[in-house]
Amino acid sequence: MSGPIRVVLAEDQAMVLGAFASLLDLQPDVEVVATAADGDEALAEVRRHRPDVLLTDIEMPGRTGLDLAAELNAQGARTRVLIVTMFARSGYLRRAMDAGVAGYLLKDAPIGELVAALRRVHAGERVVAPELAVAAFDTANPLTERERELLREVADGAGNAVIAARLNLAEGTVRNYLSAAMAKLNARNRTEAAKLARERGWL
């Protein structure tokens, strides 16, 4: 008989992290080998323990859950990634699939559903919350990679001159890219465009 499913849990909200750890520890075939409160710590724990599954949130300090998935995927790690998040955004799901994530569930799913998903992911399956599966592939990201890059800078509070200097672009070019992004998102200004893109999971 094989051993338990070894899991690293990553979640920046202490109460949620504790609740998940306690609930999973009640499962006879699951062992939580480490917990992490941010993405960088999660990566260190995965490297230390080489778990079967990394169960992680998306938005965390340091690396996001999507960053972790992409990095582990690029390294050819055997650890499979199960995202559990409150963000029911189709853009996030698309990016998660691109990053090689094996499962994507919402935090309000029943614990039984979470445990079943964990077992399925461990068994080599891909699991996606059914309410997200259809929407994700109906809503394509209209932004180019360059537009996304500039909107991330806007979201971080950078002005056009600063963005131009950082990315080695003319200030007029920055304005043109941001105008195109605003038009695609029906946004009134650059700040609203960045906010809308982030809310939809496109950054």
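Reply: Asn-168 is exposed, with a relative accessible area of 71% (exposed is over 50%, buried under 20%, partly exposed in between, with a 1.4 Å probe and protein chains only). This is a predicted model, where local features need pLDDT of at least 70 and side-chain atom pairs 80 or more, while totals for chains, interfaces and linings use all residues. Numbering starts from 1 along each chain as its sequence is written, and side-chain values use heavy atoms, leaving out hydrogens and water.

Back to Asn-168: its phi is near 60°, a positive value in a residue other than glycine. Most residues other than glycine have a negative phi. Asn-168 lies in the loop between α8 and α9 (helices are DSSP runs of H or I, at least four residues; strands are E, at least two; both are numbered from the N terminus).

The axes of α8 (residues 160–167) and α9 (residues 171–185) come within 8 Å and cross at roughly 110° (axes are lines fitted to C-alpha atoms, for helices over the stretch in contact, with angles from 0 to 180 degrees between N-to-C directions). That makes α8 and α9 roughly perpendicular to each other, a label for 65 to 115 degrees. Where they meet, Asn-160, Ala-161, Ile-163 and Ala-164 come from α8, and Glu-171, Val-174, Arg-175 and Leu-178 from α9 (contact means heavy atoms within 4.5 Å).

Gly-157 follows α7 and has a positive phi, near 95°.

You'll find Arg-50 in the loop between α2 (39–49) and β3, and it's exposed, at a relative accessible area of 60%.

From β3, step into the sheet. There's an open sheet of 6 strands, in the order β2-β1-β3-β4-β5-β6, with parallel pairing (pairing takes at least two DSSP bridges). At the edges sit β2 (30–36) and β6, each pairing on one side only. Helix α1 (residues 14–25) packs on this sheet, touching β1 (5–10), β2, β3 (53–56) and β4, and its direction makes about 165° with that of β2.

Follow β5 (residues 103–106) for a moment. Gly-103 and Leu-105 point one way, Tyr-104 and Leu-106 the other, and all are buried. In a regular strand the side chains alternate between the two faces of the sheet. β5 pairs with β4 (residues 80–85) over 4 bridges, with Thr-85 opposite Leu-106. β5 also pairs with β6 (residues 127–128), over 2 bridges: Gly-103 is partnered with Val-127 and Tyr-104 with Val-128.

Tyr-104 turns up again in the largest nonpolar core, which has 49 residues; Leu-9, Leu-55, Leu-82 and Tyr-104 have the most contacts inside it (such a core joins buried Ala, Val, Leu, Ile, Met, Phe, Trp, Tyr and Cys residues through side-chain atoms within 4.5 Å). And the helices we began with? A second, separate core of 20 residues includes Leu-151, Val-154, Val-174 and Ala-197.

How values were computed. Angles under 35 degrees count as roughly parallel, over 145 as roughly antiparallel, 65 to 115 as roughly perpendicular and the rest as oblique.
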